[in-house]
Amino acid sequence: MSSLLGAGYRRVQDRLLTPEPAYQLWLRTFAGAAASPRGPLEVPTWCATLRSDAEWQAAVAESKRLGLPLHPDLPKNWDTRIMVAALLASTGPNDPILDAGAETYSRILGSLYLYGRRALTGINLTFDRPTQRGPIRFEHGDITRTRFDAGSFAGIACQSVIEHGVDLRAYLTEMARLLRPGGVLVTSVDYFPEPVDTRGQVAYGVPIKIFTREDMLGIFDLAASVGLTLTHPVD
């Protein structure tokens with residue numbers, strides 16, 4: 001397996017390039033994806049909270065049925081499906097989409113790829129050089145201050161990132177700047193209605209933050225102040 005994948009990698013200028021067939025093979029072998037989705041991806045709403053183990057287990061089962069790449073942290077398949085569904089419903093095949101805070105194993109970008117999206121970009125502070133997997137470009141980027149022009153993206157996803165010490169006003173301001181008119185920003189966070197004592201635990205060098213109901217209402221107000229509006233009522 002390593003030699004087969006290794007043969008598919010080559011340097012192009014300063015990038016590490018994985019040709020599309022090799023990326024397709026990776027999706028099937030390491031992410032459990034099918035060659036193409038087995039049906040449309042539909043969810044009841046884009047604005048929701050995860051309420052039970054049964055909900056994320058159902059999301060995993062549905063992702064398997066559709067042949068979508070599975071996130072290794074199984075509960076994250078719940079919000080992955082919502083985010084992908086929102087982006088598919090809000091963009092066309094050639095519209096540019098950003099995964100803000102992506103990893104190269106992004107299941108959001110992988111699922112969008114399977115549904116025919118090709119103008120896909122992922123940014124993260126951890127990337128030290130541009131990397132290409134099929135049509136997906138991964139590069140260094142700060143989600144509060146990116147290199148992209150205003151109106152660069154029709155859709156943006158940000159999965160479980162902003163709870164890790166991100167300046168929320170700067171994040172929302174930058175995302176609003178990057179979105180085209182009518183574009184959609186889909187953001188997921190660690191959440192519990194009441195405050196949770198994280199006992200000083202740290203992740204990615206900052207204290208773990210679990211947003212409360214009060215926190216989320218404050219985020220919605222911040223979003224409105226920079227010109228963003230909710231797409232659905234929040235449950």
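Visitor: Which residues have the most contacts inside the largest nonpolar core?

Guide: This is a predicted model, in which local features need pLDDT of at least 70, side-chain atom pairs count only at pLDDT 80 or more, and totals for chains, interfaces and linings use all residues. Residues are numbered from 1 along each chain as its sequence is written, and side-chain values use heavy atoms, with hydrogens and water left out. A nonpolar core is a set of buried Ala, Val, Leu, Ile, Met, Phe, Trp, Tyr and Cys residues joined through side-chain atoms within 4.5 Å; buried means under 20% relative accessible area, exposed over 50%, and partly exposed in between, with a 1.4 Å probe and protein chains only. The largest such core has 36 residues, and those with the most contacts inside it are L27, L41, L87, I108, L112 and L120.

Visitor: Which element gives the largest share of this core?

Guide: Two or more residues each come from α2 (20-30), α3 (53-66), α4, α5 (107-114), β6 (136-140) and β8. These names follow DSSP runs numbered from the N terminus, helices being H or I of at least four residues and strands E of at least two. The largest share, eight residues, comes from α4.

Visitor: Which residues does L112 touch?

Guide: A contact means heavy atoms within 4.5 Å. Leaving out residues up to four places away in sequence, L112 touches V84, L87, L88, I97, R117 and L120.

Visitor: How many residues are in the other core that lies apart from it?

Guide: Among the members of this other core are I156, C158, L172 and M175. Its residue count is 23.

Visitor: In β8, which residue is the bridge partner of C158?

Guide: Strands pair if DSSP finds at least two bridges between them. Strand β7 (residues 153-159) has seven of its seven residues buried. It runs parallel to β3 (residues 97-100), with three bridges joining the two, and it pairs with β8 in the parallel sense over six bridges. In β8, the partner of C158 is T187.

Visitor: Which element supplies the largest share of the lining of the largest pocket?

Guide: A pocket is an open set of points on a 1 Å grid over the protein atoms alone, where a 1.4 Å probe fits, with protein on both sides within 12 Å along at least five of seven lines; lining residues have an atom within 4 Å of a point. About 1,400 Å³ of space lies in the largest pocket, and of its 46 lining residues the closest to the centre are A48, T187, S188, V189 and M216. At least two lining residues each come from α4 (76-90), α6 (168-178), β8 (179-188) and α7 (213-225). The largest share, nine residues, comes from β8.

Visitor: Which residues lie nearest the centre of the second largest pocket?

Guide: This pocket has a volume of about 750 Å³, a volume being the space filled by probe spheres set on grid points joined across faces, edges and corners. Of its 27 lining residues, those nearest the centre are G101, N124, S160, V161 and H164.

Visitor: What is the phi of S160?

Guide: S160 sits in the loop between β7 and α6 and is buried, with a relative accessible area of 13%. Most residues other than glycine have a negative phi. S160 is not a glycine, yet its phi is positive, at about 50°.

Visitor: Is T29 buried or partly exposed?

Guide: T29 has its place in helix α2. Because its relative accessible area is 41%, T29 counts as partly exposed.
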